[in-house]
Amino acid sequence: MAVAETVARSLPRSDALDQYPSFDLTPVIGRQFTTAQLSDWLKASNSDELLRELAIVISERNIVFFKKQTLTIEEQKLLARKLGELSGGPEDSGLHIHPSTVDNSELGDLVSVISTLTPEAKARRFGHGSQFASREWHSDITFEPVPSDFAILKIHTLPEVGGDTVWGSAYEACDRLSPEFAKHLEGLTVLHDASVFRRPDAPYVCANDNAIRKGPRGHPLNVGTELRAVHPVIRTNPVTGWKGLFVNRAFTKRIIELSYDESAVIREYLFRLTTENHDLQVRYRWDKDDIAIWANSSTVHNVTRDYVGERYGNRVVSLGEKPSYDPKSISRRQALGLPAFAG
Ligand SMILES: [Fe+2]
């Protein structure tokens with residue numbers, strides 16, 4: 001089958017990563033490198049070539065894992081900057097400062113200390129009492145006018161068992177839509193809202209003084225305390241040129257062009273495309289010092305709060321471009337010459 005043309009940034013491709021053992025975790029999403037050290041790639045003489053290819057692979061596979069990494073915090077920040085730069089990201093997009101980051105935070109403004117709360121603690125803070133773990137599916141910081149392209153998470157403290165993370169492919173979720181319905185959605189926009197961070201009992205430890213960072217938070221457009229943005233429902237990934245469903249249960253509140261009730265029903269259906277299709281998800285069991293790098297532009301994820309004990313990690317999030325939909329863009333299945341989904 002002929003592979004269709006895409007509207008991706010025209011980035012040079014390379015076979016530089018071929019010498020490093022890796023395997024795909026599922027047909028749709030996820031790849032794992034078994035022995036590579038990211039800190040070596042940063043220092044290599046062909047570093048730019050390696051990291052540009054890595055950015056492309058992350059954008060295609062949604063999420064890439066590296067085992068037992070020696071990468072330092074400074075290297076983690078450098079890597080995040082380079083992935084954006086080398087994959088053609090805008091010059092004025094830097095690393096994100098989360099609005100709930102406290103002054104003098106432990107590792108600086110550009111690193112979020114991930115301290116995943118247990119289900120009991122989360123319920124105490126959030127008070128929602130939901131019995132569905134699927135309520136927490138999200139893509140990072142989509143409430144920003146200029147949201148994230150890549151996120152790098154290193155987990156260094158783990159419970160004995162549990163605390164897995166699950167990622168889902170927004171490309172494949174989009175490929176599950178019937179062509180006529182997809183066409184309708186391609187013209188729609190949706191409100192993303194994180195006013196939850198402004199609550200005095202915000203569900204993150206670092207937000208307990210309710211002092212929202214007014215910005216700029218990594219980009220001149222990411223300012224103020226509103227924490228709201230409007231983005232297209234279907235977004236074109238600028239690296240791959242593939243369409244993805246750019247909605248997530250945590251932050252996506254209202255499809256602007258529809259009535260309240262239409263929005264509520266369709267939004268729920270769109271969420272279910274990810275949460276009820278485990279064949280577009282990958283679930284990862286962490287080892288200490290593993291690193292995951294994902295493309296927030298085309299991926300949703302969710303933590304599993306099933307454990308007892310501590311779970312800590314460091315996350316750095318880079319910013320991409322203002323999301324847009326290119327009517328000439330095609331789906332992942334079209335781009336790879338795969339048959340349409342037959343449901
Ligand atoms: Fe996240």
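Trainee: How many salt bridges does a search of the whole structure find?
Mentor: The model is a predicted one, and the search finds 29 salt bridges in it.

Trainee: What makes the contact of Lys-243 and Glu-186 a salt bridge?
Mentor: The term requires a side-chain nitrogen of Lys or Arg within 4 Å of a carboxyl oxygen of Asp or Glu. For Lys-243 and Glu-186, the N to O distance is 3.0 Å, so the pair meets the definition. Lys-243 lies in strand β10, and Glu-186 in the loop between α6 and β7, 57 residues apart, so that distant parts of the chain are linked. Both residues are buried.

Trainee: Which residue forms a salt bridge with Glu-268?
Mentor: The partner is Arg-249, with the closest N and O atoms 3.1 Å apart. This pair links helix α7, which holds Glu-268, to the loop between β10 and β11, which holds Arg-249.

Trainee: Why is Glu-268 called partly exposed?
Mentor: Buried means under 20% relative accessible area, and exposed means over 50%. Glu-268 has 33% relative accessibility and therefore counts as partly exposed.

Trainee: How do you know that Asp-306 and Arg-283 meet in a salt bridge?
Mentor: The N to O distance between their side chains is 3.9 Å, and the cut-off is 4 Å, so the pair qualifies. Asp-306 is in the loop between β14 and β15, whereas Arg-283 is in strand β12, 23 residues apart. Asp-306, at 46% relative accessibility, also counts as partly exposed.

Trainee: Which residues do salt bridges that share partners join into one network?
Mentor: The network consists of Glu-172, Arg-176, Asp-279, Arg-332 and Arg-333.

Trainee: How do you know that the span of helix α7 is close to the expected one?
Mentor: Helix α7 has 16 residues and reaches 22 Å from its first C-alpha to its last.

Trainee: What puts the buried residues of α7 on the same side?
Mentor: The buried residues are Ser-263, Ile-266, Leu-270, Phe-271, Leu-273 and Thr-274. They cover an arc of only 145 degrees around the axis, and therefore lie on the same side of α7. Asp-261 and Val-265, on the other side, are exposed.

Trainee: Which residues have the most contacts inside the largest nonpolar core?
Mentor: They are Trp-167, Val-233, Leu-245 and Leu-270, in a core of 43 residues. Several elements each supply at least two residues, including β3, β5, α5 and β13. Helix α7 gives the most, with four residues.

Trainee: Why are β12 and β14 said to stand at the edges of their sheet?
Mentor: The open sheet has three strands in the order β12-β6-β14, with antiparallel pairing. Each of β12 and β14 has a single partner strand, so one side of each is left without a neighbour in the sheet.

Trainee: In what order do the strands of the open sheet of seven strands stand?
Mentor: The order is β1-β2-β3-β13-β5-β15-β4, with mixed pairing. Here β1 and β4 stand at the edges, because each has a single partner strand. Seven bridges join the antiparallel strands β5 and β15, and Gly-313 in β15 is the bridge partner of Ile-155.

How values were computed. Residues are numbered from 1 along each chain as its sequence is written. This is a predicted model: local features need pLDDT of at least 70, side-chain atom pairs count only at pLDDT 80 or more; totals for chains, interfaces and linings use all residues. Side-chain values use heavy atoms; hydrogens and water are left out. The expected span of a helix is 1.5 Å times one less than its number of residues. Buried means under 20% relative accessible area, exposed over 50%, partly exposed in between (1.4 Å probe, protein chains only). The arc is that of the directions from the helix axis to the C-beta atoms. Two strands pair if DSSP finds at least two bridges between them. A nonpolar core is a set of buried Ala, Val, Leu, Ile, Met, Phe, Trp, Tyr and Cys residues joined through side-chain atoms within 4.5 Å.
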